[in-house]
Amino acid sequence: MNILLWHVHGSWTTAFVQGRHTYLVPVTPGRDPDGLGRARTFSWPESVLEATPEQLRDAEIDIVVLQRPHELELAERWLGGRHPGRDIPAVYLEHNVPDGDVPDTRHPFADRDDLTLVHVTHFNRLFWDCGSTRTRVIEHGIVDPGHLYTGHLPRAAVVVNEPVRRGRYTGTDLLSALCETAPLDVFGMRTEGLARRLGIPEELCRSADLPQRDLHAALAHRRLYLHPVRWTSLGLSLLEAMHLGMPVVALATTEAVEAVPAGTGVLSTRPEVLARAMRRYLHEPEAAAEDGARGREAAVERYGLKRFLDDWEELITEVRS
């Protein structure tokens, strides 16, 4: 089948396009957010094809995967008046937790009968008010990077994009205290100058933006993975860290309480408990490796690529029937 979707979330799309279909991603001359085209820092198969708005007008499309509210109007315009959900089967994929009057936030696609709303976590479905729109949960899938963990660097790894702008949402404010327990290496977009912004020595909070192929190896060298996120959907970097074999220290918020089972790390809503866990892993590398190995086993079982692709195949078949 030919599946149309926008390049919005590089990590999620990397798993999705491992299926057996052809994936059309819009591309515009300036590669703006509505036309990023193929990823440049993720490895995508040749079955992912770029298509200009002009090419999409007459393209054969079997299903549309929408991910942002404005894509519905955009798709209808670029597809020559064909309406997703009415003329072409469609699903709306919701990556994020609600933002606003939680827990009463109405989803932009609530009370629709022309598409299915797919959530990436059960937490997301629980907190969004989707009205009468048919909903499904298809949990994340991860392209397994392998058990690369060495943990030989006594530092904690954090992965977050735009930590300054997102602030309390991603727990950026907690890093100043936690770095006193274990020095941090923060990876992600727009992390440069983070230590200066937080007013802490750079040695305690280094930052870098690496492509995924380099990021996994860099993470695996760190002793533990720190996930200080207060309010965002389940971070794929957390699941990737678990696949690598890293022990996890995380705030017990959103879907993290489901993703990190007992014996694979430490979850708490108390930063001081997280600090104690970080200190233990720094001083007990064997315990860190053992918890990380159990975490990898749990992550591969629940968030494996095959289960993810099978779930999507089942849904696509339902939507098109």
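Some ground rules. Residues are numbered from 1 along each chain as its sequence is written, and side-chain values use heavy atoms, with hydrogens and water left out. Because the model is predicted, local features need pLDDT of at least 70 and side-chain atom pairs count only at pLDDT 80 or more, while totals for chains, interfaces and linings use all residues.

Start with Ile63. Ile63 sits in strand E4, residues 63-66. Strands here are DSSP runs of at least two residues, helices (H or I) runs of at least four, and both are numbered from the N terminus. Is Ile63 buried or exposed? Ile63 counts as buried because its relative accessibility is 1%. The scale is this: buried is under 20% relative accessible area, exposed is over 50%, and partly exposed is in between, with a 1.4 Å probe and protein chains only. Leaving aside neighbours within four places in sequence, Ile63 is in contact with residues including Ile3, Leu4, Ile88, Val91 and Ile316. Contact means heavy atoms within 4.5 Å. Gly85 is 22 residues away along the chain, and its C-alpha atom is 8.8 Å from that of Ile63.

Next, Arg68. Arg68 is in the loop between E4 and helix H3 (71-78). Arg68 is also buried, because its relative accessibility is 16%. What does its side chain reach? The backbone oxygen of Pro33, at 3.3 Å. There is also a polar contact of 2.7 Å between the side chains of Arg68 and Glu71. A polar contact is a pair of N or O atoms within 3.5 Å; within protein, one must be able to donate a hydrogen and the other to accept it, and residues adjacent in sequence count only if both atoms are side-chain atoms. Not counting residues up to four places away in sequence, Arg68 touches Trp6, Val8, Pro33, Asp34 and Tyr92.

Now Thr14, in helix H1. Thr14 counts as buried because its relative accessible area is 6%. A polar atom of its side chain lies 2.7 Å from the backbone oxygen of Gly10. The Thr14 side chain also makes a polar contact with the side chain of Trp44, at 2.9 Å. Beyond four places in sequence, Thr14 touches Phe42, Ser43, Trp44, Val143 and Gln212.

Thr14 takes us to the second largest pocket. It holds about 230 Å³ of space. Its lining has 16 residues, and the closest to its centre are Thr14, Ser43, Val143, Gln212 and His216. For the record, a pocket is an open set of points on a 1 Å grid over the protein atoms alone, where a 1.4 Å probe fits, with protein on both sides within 12 Å along at least five of seven lines; lining residues have an atom within 4 Å of a point. H1, H8 and H9 each supply at least two lining residues.

Helix H8 spans residues 212-221, and Gln212 and His216 are among its buried residues. Those buried residues pack against several elements, including helix H1 (10-16) and helix H9 (236-244).

Last, the cores. A nonpolar core is a set of buried Ala, Val, Leu, Ile, Met, Phe, Trp, Tyr and Cys residues joined through side-chain atoms within 4.5 Å. Which members of the largest core touch the most others? Of its 72 residues, Trp12, Phe16, Leu226, Met278 and Trp312 do. A second, separate core has 22 residues, including Leu72, Trp78, Ala90 and Trp128.

Technical notes: Points joined across faces, edges and corners; volume = space filled by probe spheres on them.
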